[in-house]
Amino acid sequence: MSELLRIDHISKRFGDFYANRDISLTFEEGEIHTLLGENGAGKSTLMNILAGLYQPSEGKIFLRGKEVRIESPSQAVNLGIGMVHQHFMLVDAMTVFENIILGDRKAGGIFIDREARRREIEELASKYGFQVQLDRQITEISVGEQQRVEILKALYRGAGLLILDEPTAALTDIEVEGLFQVIERLKKEGKSIIFISHKMREVLHISDRITILRQGEAVRTVGRGEMDAQQLANLMIGRELSESHYGKHTENKKTVAVLEHVSYHKKSRHNGLSDISMNIHAGEIIGIAGVDGNGQTQLAQLLTGVIRPEEGTLDLKETRVAAFDPLLFIRKGTAHVPEDRNLQGLLSDMSIADNIVLKRTESPRFSAGNGLFLKKRAISEYAREMVEKYDIRCRSVDQDVRSLSGGNQQKVILARELESGPDLLVVAHPTRGLDIGATRFVRDQMISARDRGVGVVLISADFDEILEMSDRILVLFEGKIMGEYSGVNPPIKEISLAMTGKGEEGRQNEKK
Ligand SMILES: Nc1ncnc2c1ncn2[C@@H]1O[C@H](COP(=O)(O)OP(=O)(O)OP(=O)(O)O)[C@@H](O)[C@H]1O
Ligand SMILES: [Mg+2]
């Protein structure tokens, strides 16, 4: 193998903070090279340097032995470096096709041969086995599909080095398999891949080499098979992490929420709910298992007052809900960790402290006169407490949330929602993008919320997470509940079947 890219003593400072410190690494042609590290270790920063978004404070970059300066994203593209970012950068208001050709050199003239472009993209897509709908708006397609669009866009621009920053965080197992096939194919063509993921199983499966970053420094690079998951984890966090095992709660207690025959956009297979009845008890975790896009989003929105049911009723703490309004739901003790932290979770131009107290500015603890005068000092102190407790890696609570690493942004939402003293907690994909240490911590927090009597609805695309955490498991498929299972020794096969629509209900229908 020959060397494609070499970074030489690269450092990146923000103020006097080193996000990357003196990193030297090589990336070979036809290599899948993984970066592994805790939230905030400096992975995205290093990749943003290669993608031309940041300039290194020190150090040099060599492409095929020749020193290069990557001063802008378009220059990175010219050099054959493509990056799929941790938070996608597609333009929502445009179609898939428009996004792919956006900023394309070939399309630079006044007369763009759209038909030729289309054919080219379609050929590329079929070569890699991508199914994309070129004329759909970005908002109309699933996260998995958006990601294929990002990759396609990079390939279309001729990337020889493809950087994938946590591409699997929001994908289902099947989609991950598909992505890995594409990665293997790219590798066979001699392209180089830099892969970032917190999922150890994936990392061990796909990587030729793994570099571990810790607090901005590259601590070690290992080859395939050199280390197992435990060893890698220890190296990554600098301490040992024991196995976790949570006890289950199974006795019925009082209910915090009851849904009866609730329907919403019943006809829509992917964005609706059809005749949903369920009880959520105090002190239990209900896991909602299922492939993303089978009504999970709508269920969460309904339980938090964002949408109102078209049919059926919702009771919160034994009172029928008449007005569906997120603010009212918060006042009634509902907390929500949303699936899209950028859109619904955080105000990224605001500070960590302001985000942490965002929904509690009327509380006498943080303001006088019902939110008129904010008690800055009390807010800062509380925020510092939360930063400590949730291990949010930052320099100050006054820092913009935008400048936090992806995983640390997630911790800000979790701190705000879990600490709001809710009766009902609706969490979607709580550990998506978190490193193994942070994942453990967040799961421990959800368990202790349950033990305090909170009713928790856990929506997760991570089946292992559902199995590990849930006292009861409901399977959602095309907006319907396909089955209900105990979380104690759950029948894994049966649940997996139900997730594809072939569960208990399917069988009952056959009998009829
Ligand atoms: N624009 C910025 N201004 C200030 N600090 C920044 C900026 N971008 C990143 N940082 C800091 O640099 C550090 C590394 O962040 P980076 O996003 O590279 O982490 P990461 O390894 O990708 O983490 P994650 O797994 O959570 O995505 C963090 O402490 C982050 O707060
Ligand atoms: Mg990152």
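Tutor: First, the ground rules. This is a predicted model, in which local features need pLDDT of at least 70 and side-chain atom pairs count only at pLDDT 80 or more, while totals for chains, interfaces and linings use all residues. Residues are numbered from 1 along each chain as its sequence is written, and chains are lettered from A and ligands numbered from 1 in the order in which they are written.

Student: What makes leucine 434 count as buried?
Tutor: A residue is buried if 20 or more other C-beta atoms, placed from the backbone, lie within 10 Å of its own, exposed if 12 or fewer, and partly exposed in between. Leucine 434 has 24 C-beta neighbours inside 10 Å, so it counts as buried.

Student: Where does leucine 434 lie, and which residues does leucine 434 touch?
Tutor: Leucine 434 sits in the loop between β19 (424–428) and α15 (436–451); helices (H or I, at least four residues) and strands (E, at least two) are DSSP runs, numbered from the N terminus. Leaving out residues up to four places away in sequence, leucine 434 touches Asn39, His198, Gly407, Gln410, Thr439 and Val442. Contact means that the C-beta atoms of two residues, placed from the backbone, lie within 7 Å.

Student: Why is strand β21 (residues 472–477) called largely enclosed?
Tutor: Because 6 of the 6 residues of β21 are buried. Arg472, Leu474 and Leu476 point one way, and Ile473, Val475 and Phe477 the other way. In a regular strand the side chains alternate between the two faces of the sheet.

Student: How do you know that β21 and strand β22 (residues 480–486) pair?
Tutor: Two strands pair if DSSP finds at least two bridges between them. β21 and β22 have 6 bridges, in the antiparallel sense, so by that definition they pair. One of the bridges has isoleucine 481 in β22 as the partner of leucine 476. The two strands form a hairpin with 2 residues between them, and glutamate 478 in the turn has a positive phi of about 45°.

Student: Which way do strand β13 (residues 285–289) and β21 run, parallel or antiparallel?
Tutor: They run parallel, joined by 4 bridges, and isoleucine 288 has leucine 474 of β21 as its bridge partner.

Student: What makes β2 (17–28) and β5 (66–68) edge strands?
Tutor: The open sheet has 4 strands in the order β2-β1-β4-β5, with antiparallel pairing. β2 and β5 each pair on one side only. For β5, the pairing with strand β4 (residues 58–63) spans 3 bridges, and glutamate 67 in β5 is the bridge partner of phenylalanine 62.

Student: Why do you say that ligand 1 lies between two domains?
Tutor: Domain 1 (3–237) and domain 3 (344–420) both give residues to the shell around ligand 1, so it lies between them. Domain bounds come from an automatic or database domain assignment. Of the 19 residues around the ligand, Ala19, Asn39, Ser44, Ser405 and Gly407 come nearest; a residue is near if its C-beta atom, placed from the backbone, lies within 6 Å.

Student: How do you know that domain 1 and domain 2 touch?
Tutor: 10 residues of domain 1 are in contact with 11 residues of domain 2. The centres of these domains, taken over C-alpha atoms, are separated by 34 Å.
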